[in-house]
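Student: I'd like to learn how to read helix packing in a model like this one. Could you walk me through it?

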Amino acid sequence: MSIGMVLLTIAAILVFFGVAQRVLDRMYLTDRAALILIALMFFGTLIPNLSFGGVEVSIGGALIPLGVCVYLLVRAGTNKERIRALVGSVITAAAVYLVSAFLLPDEPEQLPIDPMYLNGIIAGLIAYALGRSRRGAFICGILGVLLADIAVGVMNRLNGIQQTLVLGGAGVFDATMISGLLAVLLTELVGEIVERVTRGNRAPVHRPIHQPIRNKEK
């Protein structure tokens, strides 16, 4: 089982036991809808990819996550939030592509972890910083990795490398799940910490105690 499937399994368990209720509320998802989407992404990776010429699209690794991002963009409260999420996705994609192309060694064995896992972590951190909200962070994380994958495919074609672009394929699917879930997790944890600190520094509100006066029995 890949790391992406493991993360989806963990997410499903958290949703089932109600641990992720607050996050789901912010993302306009019910427990049932979240479990259905997780199942679609999980089993969608086992279905043959959709083929469009030189491009193949994974149903669970690209199509379903992209659909969730579109849903969140439509449900976003303001145009500012939508624009921030889209711009953040492009910046995340550019950062992941530049790191992969110029900073990572050519031999994956030289790294302590799989390069795709590292790309997912980098994308998740950047998506958290740019997304601002749980919805925005998730969109930046998912779209950032998918756009970076498209950029790699385009550059390969420009360099004369005739290689089929598998959008949301095995390694990219893992990076996508790492990025999206990490971005949301960081946003939730940091938001919770900030709220606790804010409540801790706030002076307690003292309200007068009103005791009703009962009529004495005559």
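Predicted model: local features only at pLDDT ≥ 70, side-chain atom pairs only at ≥ 80, totals over all residues.

Student: Which residues is I139 in contact with, leaving aside its neighbours within four places in sequence?

Tutor: Those are C69, L72, L73, A85, S89 and G144.

Student: And how do I describe a pair of packed helices?

Tutor: In general, you give the angle between the two axes and the distance between them. Take α6 (residues 115-131) and α7 here: their axes come within 8 Å and cross at roughly 140 degrees. The two helices are therefore oblique to each other. As for handedness, α6 passes α7 in a right-handed crossing.

Student: Which residues make that contact?

Tutor: From α6 you have A123, A127, Y128 and G131, and α7 brings in G136, A137, C140, G141 and V145. Sorted by type, the residues of this α6 contact with α7 are six nonpolar, three polar and no charged.

Student: What about A151: where does it lie, and how should I class its accessibility?

Tutor: A151 lies in helix α7. Buried would need under 20% relative accessible area and exposed over 50%, so A151, at 27%, counts as partly exposed. Look at A94 too: its C-alpha atom is separated from that of A151 by 8.6 Å, with the two residues 57 apart along the chain.

Technical notes
Residues numbered from 1 in each chain as written. Heavy atoms only, no water. Contact = heavy atoms within 4.5 Å. Axes fitted to C-alpha atoms, helices over the stretch in contact; angles between N-to-C directions. Helix = DSSP H or I, 4+ residues; strand = E, 2+ residues; numbered from the N terminus. Parallel < 35°, antiparallel > 145°, perpendicular 65-115°, else oblique. Left-handed = near helix turned anticlockwise from the far one by under 90°. Nonpolar A, V, L, I, M, F, W, Y, C, P; charged D, E, K, R; others polar. Buried < 20%, exposed > 50% of the residue type's maximum accessible area, 1.4 Å probe, protein only.
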